Structure formats: structure tokens, C-alpha cells
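Visitor: Could you walk me through reading this fold, one feature at a time?
Guide: Gladly; let us look at it together.

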Amino acid sequence: VQLVEFLDPACEGCRAFYPIVKEIMAQNPGKLRLVVRHVHFHKGADFAVKVLEASRKQGKYWEMLDALFTKQSQWAVNHAAQPKQVLAIAAGLGLNMPQLERDMNSPEVAQAMAQDMADARTIKVQQTPDFYINGKRLDPFGAEQLRAKIREEVAAAYR
């Protein structure tokens with residue numbers, strides 16, 4: 001079962017859903033594939049997305065995402081990203097900061113970000129988080145609806 005989440009790291013709703021998605025993944029080991037796509041709707045969130053994509057190159061994507069959501073109130077003040085705070089969080093994870101900054105400006109990171117935004121526009125993602133389960137948008141939206149739809153899809157796939 002494939003779960004695709006479009007998220008903005010500066011989005012409070014995405015932060016609220018993060019532990020729910022982690023719980024769902026833990027409850028379905030080997031049965032779910034989570035694909036995170038980044039959109040940057042909040043002011044300056046593109047900077048945080050660059051850091052996330054660059055941290056992937058150092059094998060620290062999930063740690064960085066976890067740290068950004070845990071410390072969101074410190075770096076996303078009034079829904080606007082504070083780049084220095086984002087970099088401080090990255091440094092606190094032991095990332096190679098010169099390499100991170102080079103990777104943030106790499107064509108690969110720019111391409112990944114452009115592709116996520118283009119795909120989001122194509123399927124008309126207008127707010128985050130937005131979930132797709134096996135290619136279908138979660139509708140109606142909600143935590144219990146997400147849990148129920150995942151249960152239904154996993155049950156159908158693993159009869």
C-alpha cells in the first residue's frame with residue numbers, strides 16, 4: 001500500500017499529523033510505503049525544504065524532518081521560516097554543514113523541489129497535509145479517516 005503525503009515543513013497541520021503517520025507506519029511494518037513530497041506554501045519554507053533534501057544526501061532526512069517538526073515553533077515563527085534557526089537545527093544533528101550548504105544549492109535538490117511542486121500543481125494540492133493512498137486522495141480528510149482508509153487498503157492488499 002502506498003501512502004503519499006504532500007507536506008510543508010512549516011505547516012502546523014503537517015506537524016500535528018507527523019506522529020499519526022509514524023504510528024500508522026509502525027502498525028503496518030512492511031505493508032506500507034510512505035512517499036513524502038514537499039510543497040512550500042508558507043513564507044520561507046522553501047529554505048527548510050532545501051535543508052531536508054540536502055540532509056537526505058547525508059542519510060539524515062528522517063532525523064531532520066523529525067527535528068524540524070519537534071522544533072517548529074522555534075524556526076517557523078508566525079508561519080514564516082527563519083533560515084538561521086533551521087541551519088542551527090541541522091548543525092545540532094551533526095550534519096556536515098559545508099556539504100549541506102553545497103547540496104542545498106545543487107541542481108539535484110532544485111530538480112527534486114521543482115518536481116514536487118509541479119506534481120502538486122498538477123493534482124491541485126492547495127493545502128497541507130494532503131494524503132493519497134494508492135493514488136486516491138484522502139477524502140474526507142481527517143486523522144480517523146486516514147487510519148480507516150489505511151486499514152481498509154492494507155486489509156484488501158493482504159487478504
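Guide: We begin with handedness: a crossing is left-handed if the near helix is turned anticlockwise from the far one by less than a right angle, and right-handed if clockwise. Keep in mind that this is a predicted model.

Visitor: Which hand does the crossing of α1 and α8 have?
Guide: The crossing of α1 and α8 is right-handed.

Visitor: And how do I describe such a pair beyond its hand?
Guide: Two packed helices are described by the angle between their axes and the distance between the axes. Here, the axes of α1 and helix α8 (residues 143–157) cross at roughly 15° and come within 11 Å. An angle under 35 degrees counts as roughly parallel, and so α1 is roughly parallel to α8.

Visitor: Which residues of α1 and α8 meet?
Guide: From α1 come F17, I20, V21, E23 and I24, and they meet A143, L146, R147 and I150 in α8. Sorted by class, this contact of α1 with α8 has seven nonpolar and two charged residues, with no polar ones.

Visitor: At what angle do α1 and α3 pack?
Guide: Helix α1 (residues 12–27) packs with helix α3 (residues 61–70) at an angle of about 130°, and their axes are 10 Å apart. The two helices are therefore oblique to each other. In this case α1 passes α3 in a left-handed crossing. On the α1 side you will find C14, R15, Y18 and K22, which meet W62, L65, D66 and F69 in α3. By class, the contact of α1 with α3 has five nonpolar, three charged and no polar residues.

Visitor: How do α3 and α5 cross, left-handed or right-handed?
Guide: α3 passes α5 in a right-handed crossing. Their axes come within 10 Å and cross at roughly 130°, so α3 and α5 are oblique to each other. The residues making this contact are M64, A67 and L68 of α3 with V86, I89 and A90 of α5. They divide into six nonpolar, no polar and no charged.

Visitor: Which residues of α3 are buried?
Guide: In α3, the buried residues are Y61, M64, L65, A67, L68 and F69. Their cover includes β1, α1, β2, α2 (45–56), α4 (72–75) and α5 (83–92).

Visitor: Now the strands. What should I look for in a sheet?
Guide: Strands of a sheet pair through backbone hydrogen bonds, either parallel or antiparallel. In this model, four strands form an open sheet with mixed pairing, in the order β2-β1-β5-β6. At the edges stand β2 (33–38) and β6 (136–137), each with a single partner strand, so one side of each has no neighbour in the sheet.

Visitor: How many bridges join β1 to β5?
Guide: Four bridges join strand β1 (residues 2–7) to strand β5 (residues 130–133), and these strands run antiparallel.

Visitor: Is T128 buried or exposed?
Guide: T128 lies in the loop between α7 and β5. Buried means under 20% relative accessible area; at 14% relative accessibility, T128 therefore counts as buried. Neighbours within four places in sequence aside, T128 is in contact with F6, L7, D8, C11, C14, V39 and F41.

Visitor: What does Q145 count as?
Guide: Q145, found in helix α8, counts as partly exposed because its relative accessibility is 32%. Setting aside neighbours within four places in sequence, Q145 is in contact with L138 and P140.

Terms used
Residues numbered from 1 in each chain as written. Predicted model: local features only at pLDDT ≥ 70, side-chain atom pairs only at ≥ 80, totals over all residues. Heavy atoms only, no water. Axes fitted to C-alpha atoms, helices over the stretch in contact; angles between N-to-C directions. Parallel < 35°, antiparallel > 145°, perpendicular 65-115°, else oblique. Contact = heavy atoms within 4.5 Å. Nonpolar A, V, L, I, M, F, W, Y, C, P; charged D, E, K, R; others polar. Pairing = 2+ DSSP bridges. Buried < 20%, exposed > 50% of the residue type's maximum accessible area, 1.4 Å probe, protein only.
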